[in-house]
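This text walks through one structure, part by part. Keep the sequence and the 3D view at hand while reading.

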Amino acid sequence: MHLEKTLRNLSSSEGLLAVNSEYSDDGRPYLPFVSVQPSACLQEPGSEPAARVECFTAGDSRVNEILPLSVLHTLWVRESDRKADSPRGIITMRDYVPKIMGREAFDEYLGPYAGYNDSVNPSVSNVFATAAFRFGHVTISPRLRRLNESFQEHQRFSSLSLHQTFFSPWRLVREGGLDPVLRGLLGRPAALQNQEHLMTEELKERLLVLNIPETLDLAALNLQRGRDHGLPGYNDWRAFCGFDRAETRSDLVELVGSGVLVEKIMDVYGHPNNIDVWLGGLLERPVSGARTGPLFACLIGKQMKTLREGDRFWWEHPGVFSPKQRQELQTHSLSRVICDNSGVTEVPLDPFRLGSYPEDFVFCGNVPSMDLEAWRDGTYMT
Ligand code: HEM
């Protein structure tokens with residue numbers, strides 16, 4: 001059966017997604033297991049063969065790569081079964097993207113929504129998937145924090161090194177479900193990019209990918225994938241974005257902000273033209289108020305623009321939703337999704353901004369929610 005069919009609950013006509021039939025998280029569903037079993041996911045040490053927790057299945061094959069990814073996938077499946085067509089696009093574009101590329105760059109590359117353009121190709125570009133959006137790999141902290149209701153270290157389920165969470169769905173099923181992980185994501189920071197130490201050892205020395213027995217190096221994979229895909233180098237992409245090429249060491253020092261680092265890069269690459277775009281983009285000094293430098297801000301900005309302009313069902317495109325529905329959709333937030341689909345009862349209003357507990361957290365009752373009355377008259381997707 002095709003993957004998209006296995007992800008649906010075909011026994012009902014309500015358009016629901018399939019969920020796990022063996023386990024639940026305090027009454028809330030988990031993702032279904034893969035159909036080919038036994039799967040390659042790791043098992044709880046010492047557990048009985050009958051108590052296996054298989055790999056979860058979802059639209060993205062990386063769903064088991066790391067616990068937080070399984071958690072977010074699960075959250076969205078629960079949300080989707082509660083409310084058809086949840087507005088993920090709004091949350092990503094309004095609450096996340098401006099924080100990674102910076103408000104100024106967001107306004108420059110995207111600006112206000114200007115309508116659907118049927119000549120825009122919305123597919124994801126090679127450079128975006130293979131380099132620019134992989135900036136996220138240096139924001140990963142080496143520890144996965146698991147917190148209790150008071151957002152303190154969980155007494156039963158302590159925090160873990162990242163590698164202990166690779167392909168280990170049993171840690172959700174047997175160790176407290178989504179809530180301790182969600183609280184850790186909300187209450188503790190992502191890694192701050194550090195030019196002297198870009199990526200955690202957990203990802204450079206200990207990365208696991210299913211069906212490969214050795215541990216891998218995500219930095220090496222990113223560089224090699226860029227070459228496999230024939231990506232032009234750092235300077236060519238700077239030119240593509242209308243920036244000056246870095247011709248000399250001092251040009252690079254200007255962009256990177258560290259002479260010592262530029263020495264190392266030049267020792268390896270010889271000339272700025274040879275620098276892989278993933279590495280060059282990561283090394284640029286971040287734009288103020290952003291997590292990326294100017295090159296990645298440009299490449300991410302251009303991609304986001306085409307994703308929005310080329311989407312016939314973009315939520316702001318007239319005719320997709322009524323004005324009243326659009327107004328309601330704007331009240332939606334990731335915090336609301338967490339409140340509605342997990343046991344977490346306190347959240348920051350903006351979960352993409354790190355706050356301190358309890359000052360910056362509110363009870364779920366105080367998080368705005370959409371009024372679904374706006375959908376009652378059936379005006380939807382004309
Ligand atoms: C611990 C967290 C993460 C792990 C273990 C991880 C691991 C991986 C792996 C193994 C790949 C495939 C690499 C290859 O063979 O080329 C990959 C691809 C990718 N990752 Fe991550 N990743 C993580 C977090 C992130 C984050 C936070 C972002 C972005 C914000 C991100 C963006 C991407 C993108 C865009 C791709 C390419 C996807 C595609 O072309 O289909 N990753 N990641």
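Which protein donor does the iron atom of the ligand have? His137 is the only one, through its NE2 atom at 2.1 Å. Donors here are N, O and S atoms within 2.8 Å of the metal (3.2 Å for Na, K and Ca), and water is not among the atoms, so sites may look incomplete. Histidine 137 sits in the loop between helix H5 (126-130) and strand E3 (143-144). Helices (H or I, at least four residues) and strands (E, at least two) are DSSP runs, numbered from the N terminus.

The model is predicted: local features need pLDDT of at least 70 and side-chain atom pairs count only at pLDDT 80 or more, while totals for chains, interfaces and linings use all residues. Residues are numbered from 1 along each chain as its sequence is written, and side-chain values use heavy atoms, with hydrogens and water left out.

Next comes the empty space. Rolling a probe the size of a water molecule over the atoms shows where such space is left. On a 1 Å grid over the protein atoms alone, a cavity is a set of points where a 1.4 Å probe fits but cannot get out, and a pocket is an open set with protein on both sides within 12 Å along at least five of seven lines; lining residues have an atom within 4 Å of a point. Grid points are joined across faces, edges and corners, and a volume is the space filled by probe spheres set on the points.

Two cavities of 30 Å³ or more are present. The largest holds about 60 Å³, and its lining includes Tyr234, Ile265 and Leu283. Helix H11 (249-256), helix H12 (259-269) and helix H13 (277-283) each supply at least two residues of this lining. By class, the lining has seven nonpolar, one polar and no charged residues. Ala, Val, Leu, Ile, Met, Phe, Trp, Tyr, Cys and Pro count as nonpolar, Asp, Glu, Lys and Arg as charged, and the others, Gly among them, as polar. The second largest cavity has about 40 Å³ of space, and its lining divides into four nonpolar, four polar and two charged residues.

The second largest pocket has about 340 Å³ of space. Of its 16 lining residues, Leu198, Leu261, Ile265, Leu279 and Leu283 lie nearest its centre. H12 gives the largest share of this lining, five residues.

Serine 342 is in the loop between helix H16 (334-341) and strand E5 (346-348). Is serine 342 buried or exposed? With a relative accessible area of 2%, serine 342 is buried; buried means under 20%, exposed over 50%, and partly exposed in between (1.4 Å probe, protein chains only). Not counting residues up to four places away in sequence, serine 342 touches Arg28, Leu75, Arg78, Asp179 and Leu182, where contact means heavy atoms within 4.5 Å.

Last come some backbone angles. Most residues other than glycine have a negative phi, and most peptide bonds are trans. The bond from glutamine 37 to proline 38 is cis, with omega near 0 degrees, and the bond from tyrosine 357 to proline 358 is cis too. Phenylalanine 151 has a positive phi of about 60 degrees and is buried at 3% relative accessibility. Asparagine 211 has a phi near 70 degrees, but counts as exposed at 71%.
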